Amino acid sequence: MQQSSNPLRLLIVDDDDDLRDLISRRFQHTGAQVTEAGDAQEALEQLKSQRFDVALLDITMPGMDGIELLGILKEEHPEVEA
């Protein structure tokens, strides 16, 4: 369980801006530190500069889909739950 001094660091990856915003606001309301990415490439850039506890991935996105991103994420950042 996360303590309030260590908020959950969450990466939300979804190409649907409205859905991504809705999910982001819900988690921010619980105290999570939320970062958003509109596609897999943007998510990979975020992963280069930040650490995350959890990543929520959209399965169907243009370009690299969520399944391919999950494979890269698990290989390069195994500590992130996805």
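Leaving aside its neighbours within four places in sequence, which residues is Q46 in contact with?

Mentor: A word on the basis of what follows: this is a predicted model, in which local features need pLDDT of at least 70 and side-chain atom pairs count only at pLDDT 80 or more, whereas totals for chains, interfaces and linings use all residues. Residues are numbered from 1 along each chain as its sequence is written, and side-chain values use heavy atoms, with hydrogens and water left out.

Beyond the neighbours within four places in sequence, Q46 is in contact with L11, T35, E36 and F52, where contact means heavy atoms within 4.5 Å. Q46 itself lies in helix α2; helices (H or I, at least four residues) and strands (E, at least two) are DSSP runs, numbered from the N terminus. With a relative accessible area of 18%, Q46 is buried, a word that stands for under 20% relative accessible area, with exposed meaning over 50% and partly exposed in between (1.4 Å probe, protein chains only).

The buried residues of α2 are A40, A43, L44, Q46 and L47. They cover an arc of only 160° around the axis, which puts them on the same side of α2, the arc being that of the directions from the helix axis to the C-beta atoms. An α-helix has 3.6 residues a turn, so residues three or four places apart point the same way. What covers the buried residues of α2 includes β1, β2 (33-37) and α3, while K48 and S49, on the other side of α2, are exposed. At the start of the helix, a side-chain oxygen of D39 comes to within 3.2 Å of the backbone nitrogen of Q41; this is a polar contact, that is, a pair of N or O atoms within 3.5 Å, of which, within protein, one must be able to donate a hydrogen and the other to accept it, and for which residues adjacent in sequence count only if both atoms are side-chain atoms.

L69, with its neighbours within four places in sequence left aside, is in contact with V13, A40, A43, L44, L57, M61 and M64.

Next come the charged residues, with a salt bridge taken as a side-chain nitrogen of Lys or Arg within 4 Å of a carboxyl oxygen of Asp or Glu. By this rule the count comes to five salt bridges. Within α2, E45 forms one with K48, the closest N and O atoms being 3.1 Å apart; the two residues are three apart in the helix, about one turn. E45 counts as partly exposed at 47% relative accessibility, and K48 counts as exposed at 65%.

E36, which is in contact with Q46, meets R20 in a salt bridge of 3.0 Å, N to O. This pair links distant parts of the chain, with R20 in helix α1 (residues 17-29) and E36 in strand β2, 16 residues apart. R20 is buried, with a relative accessible area of 11%, whereas E36 is partly exposed, at 27%. D17, R20 and E36 are linked in a network of salt bridges, and the backbone oxygen of D14 lies 2.5 Å from a polar atom of the side chain of R20.

D53 lies in the loop between α2 and β3 (54-57) and R9 in strand β1, so the pair ties together parts that are 44 residues apart in sequence. D53 is buried, with a relative accessible area of 17%, while R9, at 23%, counts as partly exposed.

As for the chain around this part, its elements run β-α-β-α-β-α from the N terminus on, and buried residues make up 34% of its 82 residues.
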